[in-house]
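This report goes through selected features of the structure shown below, one region at a time.

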Amino acid sequence: MSERIGVYPGTFDPITLGHADIIRRGAKLVDRLIIGVTTNPSKNPMFTPQERMAMVEREVAMLGLDNVSVVGFNALLMKFAEKQGASMIIRGLRAVADFEYEYQMAGMNQQLNAKIETVFLMADVSLQPIASKLVKEIALFGGDIKPFVSPEIRGEVVARVAERGQLGDY
């Protein structure tokens, strides 16, 4: 049998405890899990692609998973997955709104390559409300993001907010 390879794509800006949960659980489903760190033109990133890659690599190392690697890409997901030899795309779901978007994307991806399946993993109930966009917004307005990210990532986000300047009065 050939090696089962999965790709978990995302911008990871920043990587959250929810992402780490999907990585940990997704790694059990495949022989090799590739975390694809990408750019999304419709998002306003707080961190550069190189910074996000480094953050994800550190978080993966802390999980102690030897079958997980981190690869940056700036291409169509299905072309990236094909190049990696993947047979599945792993996506995390938090709520119904996620499902609608992800279902549409899975359908489009199937049209591009029907040999690569999309597998949805529900986020742990305690982590379902966490979204990178909200983590950044909370941090930018001086809120505590400790419940949503690892201590290392919290430090990097807080430092970046200090560089850019906090928003709001109080």
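## The loop between helix 5 and helix 6

Glycine 143 has a relative accessible area of 34% and so counts as partly exposed. In this predicted model, glycine 143 sits in the loop that runs between helix 5 and helix 6. Its C-alpha atom is 9.9 Å from that of valine 158, a residue 15 places away along the chain.

Aspartate 144 forms a salt bridge with arginine 154, and the closest N and O atoms of the pair are 3.3 Å apart. The bridge links distant parts of the chain, with aspartate 144 in the loop between helix 5 (132–140) and helix 6, and arginine 154, 10 residues apart from it, in helix 6. Aspartate 144 is partly exposed because its relative accessibility is 45%. Arginine 154, at 33% relative accessibility, also counts as partly exposed.

## Salt bridges around arginine 160

The structure contains nine salt bridges. One of them joins glutamate 51 to arginine 160, with the closest N and O atoms 2.6 Å apart. This pair connects helix 2, which holds glutamate 51, with helix 6 (residues 151–164), which holds arginine 160; the two residues are 109 residues apart. Which of these categories, buried or partly exposed, applies to glutamate 51? With a relative accessibility of 26%, glutamate 51 is partly exposed. Arginine 160 is buried, its relative accessibility being 13%.

Arginine 160 also forms a salt bridge with glutamate 163, where the closest N and O atoms are 3.1 Å apart. Both residues belong to helix 6 and are three residues apart, about one turn of the helix. Glutamate 163 is exposed, at a relative accessible area of 60%. Elsewhere, a network of salt bridges links Asp21, Arg24 and Arg25.

Side chains of opposite charge can pair when their charged atoms come close. A salt bridge requires the nitrogen and the carboxyl oxygen to be within 4 Å. Glutamate 59 lies in helix 2 (residues 49–63). Leaving out residues up to four places away in sequence, glutamate 59 touches Ile15, Ser150, Glu152 and Ile153.

Aspartate 13 is located in the loop between strand 1 (5–10) and helix 1. Its relative accessible area is 3%, so aspartate 13 is buried. When residues up to four places away in sequence are not counted, aspartate 13 touches Asn44, Pro45, Met46, Phe47, Arg52, Ser132 and Lys136.

## Helix 4

Helix 4 (residues 96–112) consists of 17 residues. From its first C-alpha to its last, helix 4 reaches 24 Å, close to the 24 Å expected at 1.5 Å a residue. Which residues of helix 4 are buried? They are Asp98, Glu102, Ala106 and Asn109. Viewed down the axis of helix 4, these buried residues fall within an arc of 65 degrees, and therefore line one face of the helix.

The buried residues pack against helix 3 (77–84), strand 4 (88–93) and strand 5 (117–122). The exposed residues on the other side of helix 4 are Val96, Ala97, Glu100, Tyr103, Gln104, Met108 and Gln111.

## Nonpolar cores

The largest nonpolar core has 31 residues, of which Tyr8, Ile23, Leu33, Ile35, Val56 and Val157 touch the most other members. At least two residues of this core come from each of helix 1 (17–26), strand 2 (32–38), helix 2, strand 3 (68–73), strand 4, helix 5 and helix 6. Helix 2 supplies the largest share, four residues.

Isoleucine 35 contacts Tyr8, Phe12, Ile23, Val56, Val60, Val68, Ser69, Val70 and Val71, leaving aside its neighbours within four places in sequence. There is also a second, separate core of 11 residues, with Ile5, Ile34, Leu77 and Ala86 among them.

Notes:
Residues numbered from 1 in each chain as written. Predicted model: local features only at pLDDT ≥ 70, side-chain atom pairs only at ≥ 80, totals over all residues. Heavy atoms only, no water. Contact = heavy atoms within 4.5 Å. Expected span 1.5 Å × (residues − 1). Buried < 20%, exposed > 50% of the residue type's maximum accessible area, 1.4 Å probe, protein only. Arc of directions from axis to C-beta. Salt bridge = Lys/Arg side-chain N within 4 Å of Asp/Glu carboxyl O. Core = buried A, V, L, I, M, F, W, Y, C linked by side-chain atoms within 4.5 Å.
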